[in-house]
Amino acid sequence: MPSASPHVLFVEDDETLAREVVEELTTRGFVVRHEETGQAGLDTATAEAFDLMIIDRMLPLLDGLSVIEKLRAQNIYVPVLVLSALSAVDDRVSGLKAGGDDYLTKPFAMDELAARLEALMRRPNDTRATKLRVGPLEIDLIDRTVQRDGREIELLPREFRLLEYLMRRPNQVLTRTMLLEDVWNYRFIPQTNLVDVHIGKLRRKIDAAGETPLIHSIRGSGFMLRAAD
C-alpha cells in the first residue's frame, strides 16, 4: 500500500513551538520527524528521505542555512521551508539563496504554515524535462504521446494534462483541491465529482487489465501515481 501521508522533517529547538507544530501537522495528516539541532537535522535528512523539510534558521550546533547548503551540496533537493524570527528583506533573500524554497517569519498562523507546505508539494521536481517516466509509464511532452511498456495510450487533452501533473509529482498525495486548482484552474472550488470522473477514465487507460495499478486512491485525501516497488 502506498504511504498516504507526506513525511516531514522538522528541525526546531524551541520545545513549545515544536510540540505545537508537530501536533498540528499530525492532525492534518502529516507524519512528522522532529530534531532539535542543526547537526541532528542534517544527519537525519542525509540518512532518510522526506517529502518536505521545515527548519529554523537559528539552531544549536549548526545553523539552518548551513544545513540547507550542505544538503544541496550533496544533491539532496527535498523542498525546504525556512522558519525565522528575522523578517528583513535581506534575511529572507539570504534564506532563499542558501537553497530554501520558501521563508516564513515567526510568529505565524498554523493555517499559513500548512498552506505553504501544500504549495511546496505542488512544485514539480524538474519543469525542464520533456520526457517523464514513472515505472513502466512514459510521457513525451513534445510529441504528446504516452506509452506503458511500449503500449501506446491515447489520451484526451485534459487527461494528458492530468497525467502530466501526476507524473511530475510521483509518490505524492494530490488532493482534489490541488487538482481542481492546478489542472482545471478553478479558484472557486465547486461541489463536484469532476476529478474522480477524470481519474477514473485515466486509470482505465493507464492501468489495463492484468497490469499493476499505478494510479492509487488515497482514502480521505486524494490520489497518487506510484510505480510498484
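1. Let's start at Gly-150, which sits in the loop between β8 (145-148) and β9 (151-153). Strands here are DSSP runs of E, at least two residues long, and helices are runs of H or I of at least four, numbered from the N terminus. Gly-150 is exposed, at 51% relative accessible area (exposed is over 50%, buried under 20%, partly exposed in between, with a 1.4 Å probe and protein chains only). Its C-alpha lies 8.5 Å from that of Pro-136, 14 residues away along the chain.

2. A word on the model: it is predicted, so local features need pLDDT of at least 70 and side-chain atom pairs 80 or more, while totals for chains, interfaces and linings use all residues. Residues are numbered from 1 along each chain as its sequence is written, and side-chain values use heavy atoms, without hydrogens and water.

3. Next, the β1 and β2 pair. Residues 7-11 (β1) and 31-35 (β2) run parallel, joined by five bridges; pairing takes at least two DSSP bridges. Phe-10 has His-34 in β2 as its bridge partner.

4. Beyond neighbours within four places in sequence, Leu-163 contacts Leu-137, Ile-139, Val-146, Leu-155, Leu-202 and Ile-206 (heavy atoms within 4.5 Å).
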